[in-house]
Amino acid sequence: MRRSIHNGIIWKGIYIGALGKAKELAGKATEAAKTGLDQTKTLVNEKIEESKQKKLPQEGGLIRYEVLYKGGHPDFQLDKKKKPYILLDIMPERFSFLPDSLSEDWFTGFEIPYNSVVSLEIVERTISNTEMLLSSSNNNSDLRQKNVMEIKYIDEAGDEYVVRNEMLTGITVMGQARVCQEMLDLLRTKGIMKQFKGTENHNSDNASGGEDVLKQIEKLAALKESGILTEEEFNQKKAVLLEKL
């Protein structure tokens, strides 16, 4: 009888000890899991913050876009080993192209002053064979979008180049095309397009043409005053000249 009680006490002690050990291990496991979760949360938050910072333009910039470099700059030639992911900052007086974390091993960046830009066009992208096979429409209309920016400019040496970049900001290809149009709207509303070399020439031509029209109207007015032209003839000819502006 005493031996049974003794054995029962021993087994109870073993059970209590094992239970305590299990609780201790469970506590450590819970603490480890909590630590692991906290570390994961910290890592996720760091990634989110890094993503936010990546989308912000450099100091003084208006907006930043993620783009796919398609070539055109004399100092940066593409090949299959180079990842073409770069960044485009719209600055008050220039386009600023910067390396992304994926392209910083070969791309150091370059800038195009607005007063050197001859033209900026948004053209239709080239569809790859893989995209054609995966397209949701038979005519690939969902992929045939204008989301490629072609910037024609003249460098300091007087040589003309066309830099091409495909817009990546935007979830879908259609969204990227919409972002391109929004970018054009921004360039217009901020008066950036007026800085383009091509625009300056166009404005200069308009101004010159305006002066010529004004001189011709003055001559017509003189003819009217001398009685050579009637009031009706003067107004008709003046209207024709004004339409040319």
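This is a chat about the fold, the packing and some single residues of a predicted model.

Colleague: Before I trust anything, what sort of model is this, and how are residues numbered?

Modeller: It is a predicted model: local features need pLDDT of at least 70, side-chain atom pairs count only at pLDDT 80 or more, and totals for chains, interfaces and linings use all residues. Residues are numbered from 1 along each chain as its sequence is written, and side-chain values use heavy atoms, with hydrogens and water left out.

Colleague: Fine. How many helices and strands are there?

Modeller: Five helices and seven strands. Helices (H or I, at least four residues) and strands (E, at least two) are DSSP runs, numbered from the N terminus. Along the sequence the pattern is α-β-β-β-β-β-α-β-β-α-α-α.

Colleague: What order do the strands take in the sheet?

Modeller: The order is E4-E3-E2-E1-E7-E6-E5. The sheet is open, with antiparallel pairing. Two strands pair if DSSP finds at least two bridges between them.

Colleague: Which strands stand at the edges?

Modeller: E4 (110-113) and E5 (117-124). Each has a single partner strand, so one side of each lacks a neighbour in the sheet. The twist averages 30° from one strand to the next.

Colleague: How many bridges join E3 to E4?

Modeller: Four, and the two strands run antiparallel. E3 covers residues 94-99. Phe97 stands opposite Phe110 in E4.

Colleague: Which helix packs on the sheet?

Modeller: H3, residues 173-189. H3 touches E1 (63-71), E2 (85-90), E3, E5, E6 (146-154) and E7 (160-167). Contact means heavy atoms within 4.5 Å. The direction of H3 makes about 40° with that of E6. Axes are lines fitted to C-alpha atoms, for helices over the stretch in contact, and angles run from 0 to 180 degrees between N-to-C directions.

Colleague: Which residues of H3 are buried?

Modeller: Val173, Gly175, Gln176, Ala177, Val179, Cys180, Met183, Leu184, Leu186 and Leu187. Buried means under 20% relative accessible area, exposed over 50%, partly exposed in between (1.4 Å probe, protein chains only). Their cover includes E1, E2, E3, E5, E6 and E7.

Colleague: Why do residues three or four places apart point the same way in an α-helix?

Modeller: An α-helix has 3.6 residues a turn, so residues at that spacing point the same way.

Colleague: Gln176 is a polar one. What is Gln176 in contact with?

Modeller: Leaving aside neighbours within four places in sequence, Gln176 is in contact with Asn147, Met167, Leu168, Thr169 and Gly170. Its relative accessibility is 9%, so Gln176 counts as buried.

Colleague: And where is Gln145?

Modeller: In the loop between H2 (129-134) and E6. Gln145 counts as buried at 17% relative accessibility. Beyond neighbours within four places, its contacts are Val123, Glu124, Arg125, Val173, Met174 and Ala177. Gln145 and Gly175 are 30 residues apart in sequence and 9.3 Å apart in space, C-alpha to C-alpha.

Colleague: Switching to aromatics. How many aromatic pairs are there?

Modeller: Twelve. Rings of Phe, Tyr and Trp (its six-membered ring) pair if their centres lie within 6.5 Å; planes under 30 degrees apart count as stacked, over 60 as edge-to-face and the rest as tilted. The rings of Phe107 and Phe110 have centres 5.9 Å apart and planes at 75°, so that pair is edge-to-face. Phe107 is buried at 1% relative accessible area, and Phe110 counts as buried at 7%.

Colleague: What about Tyr114 and Phe196?

Modeller: Their ring centres are 6.1 Å apart and their planes at 50°, so the pair is tilted. Tyr114 is in the loop between E4 and E5, and Phe196 in the loop between H3 and H4 (197-225), 82 residues apart. Tyr114 and Phe196 are buried.

Colleague: Which residues do ring pairs link into a cluster?

Modeller: Tyr69, Phe76, Phe97, Trp106, Phe107 and Phe110.

Colleague: Last one. Where is His73, and what is it in contact with?

Modeller: His73 is in the loop between E1 and E2. Leaving aside neighbours within four places in sequence, His73 is in contact with Phe110, Tyr153 and Val163. At 8% relative accessibility, His73 counts as buried.
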